[in-house]
Amino acid sequence: VGFVLRPTQGMTATLDLYRIKLTNRIVDSGTLYGTLNSAPVSPLINTVIGATGIPISSFDTTTGINLFTNGINTTTNGADFTFLFPVEYSIGHVDWSVEATYNETSVTHVRAASPALTAALAGSLLYSATTLSDLSTASAKYVINLGAYWRKDKLSVNLQEQIYGPASEWENDDGDNAANTLNWYRTTIPMTPITNLDVGYQLTKALKLNVGAKNLLNRYPPQFNRNLIAAYNSSYAVNNNDAASAYP
């Protein structure tokens, strides 16, 4: 459902609201392990890998596959809003703008794996915590763009403030621990504003000079979950030649 509003001359606002339900959504599974850090998990998975013609050597300490499967239902609720308002001032013309989007996806149903598949997976999860969080929380819940575009004669300044809502994702440590089991950690990125600035000068009718910066204030996302970083930097991870960046 959508609305268009024009309260005054030159001012325009739009609002669109939506709900999307998907049944049997096709998603990527979690990693289905054949071997985890040299410990056997599922011989059947290694047989499947071998059947593709990909050789498994004695140096492969961890093996696994990912599948596309359609066993998840989701509901997405969202809204898109725009506001445009050009104004003439004595100091120049300014185009004020607001663009905002809100999007929230929830997993409403997860189909259970069959007993035969569950036995074959030997402990691996068909839908991991990463799979579910990628669907529901890994993208920013809302994004707001605030803009002011000023023009006077040949000079122009475009200032944008982009505000990203919170996001989070679950990840595991690849079993790099004494128990040789998968431990899960949640990394969260809080609401983050990013500033963009562009200054332009019209040299001729056909030539304009622009100088600007994206992410002017050099905002960085927070690092991965500290416990996950510690797991990746542990002696177990070093022994398995694993490494990870500190940033998402």
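A residue is called buried when its relative accessible area is under 20%, exposed when that area is over 50%, and partly exposed in between, using a 1.4 Å probe and protein chains only. By that cut-off, Thr 130, Thr 131, Ser 133 and Leu 135 of helix 3 are buried. This is a predicted model, in which local features need pLDDT of at least 70 and side-chain atom pairs count only at pLDDT 80 or more, while totals for chains, interfaces and linings use all residues. Residues are numbered from 1 along each chain as its sequence is written, and side-chain values use heavy atoms, with hydrogens and water left out. Helices (H or I, at least four residues) and strands (E, at least two) are DSSP runs, numbered from the N terminus.

- Eight strands form an open sheet in the order 1-2-6-7-8-9-12-13, with antiparallel pairing, where two strands pair if DSSP finds at least two bridges between them.
- Its edge strands are strand 1 (2-5) and strand 13 (208-213), each of which pairs on one side only.
- Neighbouring strands of this sheet are turned by 15° against each other on average, direction ignored, the axes being lines fitted to C-alpha atoms, for helices over the stretch in contact, and angles running from 0 to 180 degrees between N-to-C directions.
- Strand 1 pairs with strand 2 (residues 12-28) in the antiparallel sense over four bridges, and Leu 5 has Ala 13 of strand 2 as its bridge partner.

- Helix 3 (residues 129-136) lies across strand 2, strand 6 (68-89) and strand 7 (92-110), and runs at about 145° to strand 7.
- The cover over the buried residues of helix 3 includes strand 2, strand 6, strand 7, strand 10 (167-172) and strand 11 (184-189).
- Within helix 3, Thr 130 is in contact (heavy atoms within 4.5 Å) with Glu 169, Trp 170, Glu 171 and Trp 184, leaving aside its neighbours within four places in sequence.
- The side chain of Thr 130 also reaches the backbone oxygen of Trp 170 at 2.6 Å.

**Two residues compared by burial**

- Gly 147, placed in strand 8 (residues 142-152), counts as buried because its relative accessibility is 12%.
- Leaving aside neighbours within four places in sequence, Gly 147 is in contact with Asp 95, Trp 96, Ser 97 and Leu 159, and its C-alpha is 7.4 Å from that of Asn 158, 11 residues apart in sequence.
- Tyr 220, in the loop between strand 13 and helix 4 (226-232), is exposed because its relative accessible area is 55%.
- Tyr 220 and Pro 86 are 134 residues apart in sequence and 33 Å apart in space, C-alpha to C-alpha.

Conventions. A polar contact is a pair of N or O atoms within 3.5 Å; within protein, one must be able to donate a hydrogen and the other to accept it, and residues adjacent in sequence count only if both atoms are side-chain atoms.
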